[in-house]
Amino acid sequence: MRVRFAPSPTGALHPGSARTVLFNYLFARREGGAFVLRIEDTDRARLGEGSLETILDGMRWLGLQWDEGPGVGGPHAPYFQSERLEIYRAEVDRLLAMGSAYPCFCSRERLDELRQQQQRQRRPTRYDRHCRGLTTEDVARRLSAGEAHVVRMDIPEGRTTVTDVVRGDLEFENSSQDDQVILKSDGFPTYHLAATVDDHLMEITHVIRGDEWLASSPKHVMLYRMLGWDPPRFLHMPLVLGPDKTKLSKRHGAAAVLEYRDLGYLPEAMINFLALLGWSPGTEQDFFTIDQLTRSFDITRVQVSPAVFDIARLDNLNGQHIRALSTQALASALRPYVRDLSDALLLAATPLIQERIQRLTEAGPLLRFLVHRPTEMPEDLVPRLKDAAETERLEQTIAVVQDVRQLFENEVIGPQLEPRMRSVAADRGWKPGDVFMVTRVALTGTRVTPPLLESAQLLGRAECLVRLDFGIGELICRRPGSKTG
């Protein structure tokens, strides 16, 4: 069993293509087959600079390594279509000799006019087979004169059956198919010919690709038959739609797989999420490792209906995968997103946030307090003074922070301080949550942090006292009559 992923290097690896890679990879691993990477770079006008490396980097980040292809080699090299032109030319000559293809000399202007006329008449836009009627002598004369031309398939009459693994046998009227260009005037093949020839010569047994290629499948089956080959088995995966049920695009989120890495997603979570876009394990399980997916993947359970790209589900899965990591593994994953902590401090802080984040990018803001002291106490912690009641509230707040400071100076700092802080709240007639919040803000400068006392433990006694003294000073400066208040 042999499958392939055959991208055109015209852009980055996007989620839909990444799912195609994944399904091919899982099927090959499940069945003990080979996963081939082939680069379809025959559309020279659309090649994007740096696109190929971006695609390969996306596959590497996801951990989807190919068995044959660029950088790996294999028995069917070369794996770049631009290096296989002689192979395609030989098959085109064979089709011409058999009468299954013909040269077309129509100019771009004529084809444009034909298309506009068909559109005005509300007819299907396709080639009118004008050059198919040329005599052998006309063709020979124009070829010998060096006239620019393409080569088109000669679509036969009748019907063509495409067998899809999930959809079953699908029948198409051949009259619905255009006489497809298979060789362009620059000597490069079109996708339809090159993919067919390469899939045969590379011994591909299953072609797993997106739903958008289903309409072209009859042409590919016809080419196989014309060339005397048996077609592979096809599987056309469902479309991936945004939450608004329109085709997935940039407005629904990141466009490239590597952008999800930059947004703080784990490759393991992305793999898990992509696998569930149009495939079901047949159970309620939604958390999968790559090994579990490999064991569970059943190609016949690929769905026909479109899949919805739900970012909330991706966030949830990413959180689950974050919590499944060891402390050391998560600290390593966090390193690119938390640059101002030492390795030792990051490792110590990691357990404090592991249950609290869904994306790796959330760690930096949560841990910033460990190396950045507060510069002010928030204004809304104690309202600006307008009357005696507010003045009293300020004095109580100062007293509470002073009590906490005394605890931090005389007691072992850590979770065991919680009962003592609750006693401070009871003594001052405060709610425990208010005491913890004022302390949190004084120590960290923010209301959202990892667990307070564990965070204080990481800061250490000396640093906590410095920060509490600063907070007390800030509050004192707000007293009526203070020169800076």
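Which residues line the largest cavity? Select Arg 4, Ala 195, Thr 196, Asp 199, Arg 209, His 220, Tyr 224 and Phe 234, and you have its lining. Before going further, note that this is a predicted model, in which local features need pLDDT of at least 70 and side-chain atom pairs count only at pLDDT 80 or more, while totals for chains, interfaces and linings use all residues. Residues are numbered from 1 along each chain as its sequence is written, and side-chain values use heavy atoms, with hydrogens and water left out.

**Stop 1: the cavity**

A cavity here is a set of points, on a 1 Å grid over the protein atoms alone, where a 1.4 Å probe fits but cannot get out; a pocket is an open set with protein on both sides within 12 Å along at least five of seven lines, and lining residues have an atom within 4 Å of a point. Grid points are joined across faces, edges and corners, and a volume is the space filled by probe spheres set on the points. A search of the whole structure finds one cavity of 30 Å³ or more, and the volume of the largest cavity is about 30 Å³. Two or more lining residues come from each of α6 and α7 (217-226), and α6 gives the most, with three residues. Helices (H or I, at least four residues) and strands (E, at least two) are DSSP runs, numbered from the N terminus. Colour the lining by class and you will find three nonpolar, two polar and three charged residues. In this scheme Ala, Val, Leu, Ile, Met, Phe, Trp, Tyr, Cys and Pro count as nonpolar, Asp, Glu, Lys and Arg as charged, and the others, Gly among them, as polar.

**Stop 2: the largest pocket**

Now select Ser 8, His 14, Ser 17, Glu 212 and Trp 213, which lie nearest the centre of the largest pocket among its 46 lining residues. This pocket has a volume of about 1200 Å³. β1 (2-5), α1, α6 and β8 (206-210) each supply at least two residues of its lining, with the largest share, five residues, coming from α1. By class, the lining has 20 nonpolar, 14 polar and twelve charged residues.

**Stop 3: the second largest pocket**

The second largest pocket has a volume of about 480 Å³. Of its 22 lining residues, pick Arg 108, Leu 111, Arg 115, Arg 152 and Val 181, the closest to its centre. α4 (108-120) and β4 (150-153) are the elements that give two or more residues to this lining, and α4 gives the most, with five.

**Stop 4**

Show α3 (residues 85-98) and α6 (residues 191-201) as cartoons: their axes come within 10 Å and cross at roughly 105 degrees. That makes α3 roughly perpendicular to α6. Axes are lines fitted to C-alpha atoms, for helices over the stretch in contact, and angles run from 0 to 180 degrees between N-to-C directions. Angles under 35 degrees count as roughly parallel, over 145 as roughly antiparallel, 65 to 115 as roughly perpendicular and the rest as oblique.

Next, select α12 (residues 327-334) and α13 (residues 343-353), which pack at about 105 degrees with their axes 9 Å apart. Thr 327, Gln 328, Leu 330, Ala 331 and Leu 334 in α12 meet Leu 346, Leu 347, Thr 350, Pro 351 and Ile 353 in α13, where contact means heavy atoms within 4.5 Å. This contact has seven nonpolar, three polar and no charged residues.

**Stop 5: an aromatic pair**

The structure holds nine aromatic pairs. One of them joins Tyr 25 and Phe 35, whose ring centres are 6.1 Å apart with planes at 90 degrees, so the pair is edge-to-face. Rings of Phe, Tyr and Trp (its six-membered ring) pair if their centres lie within 6.5 Å; planes under 30 degrees apart count as stacked, over 60 as edge-to-face and the rest as tilted.

**Stop 6: two backbone details**

Zoom in on the peptide bond from Ala 77 to Pro 78, which is cis, with omega near 0 degrees. Pro 78 lies in the loop between α2 (51-62) and α3. Finish at Arg 129, a residue other than glycine with a positive phi, near 65 degrees. Arg 129 sits in the loop between α4 and α5 (136-144).
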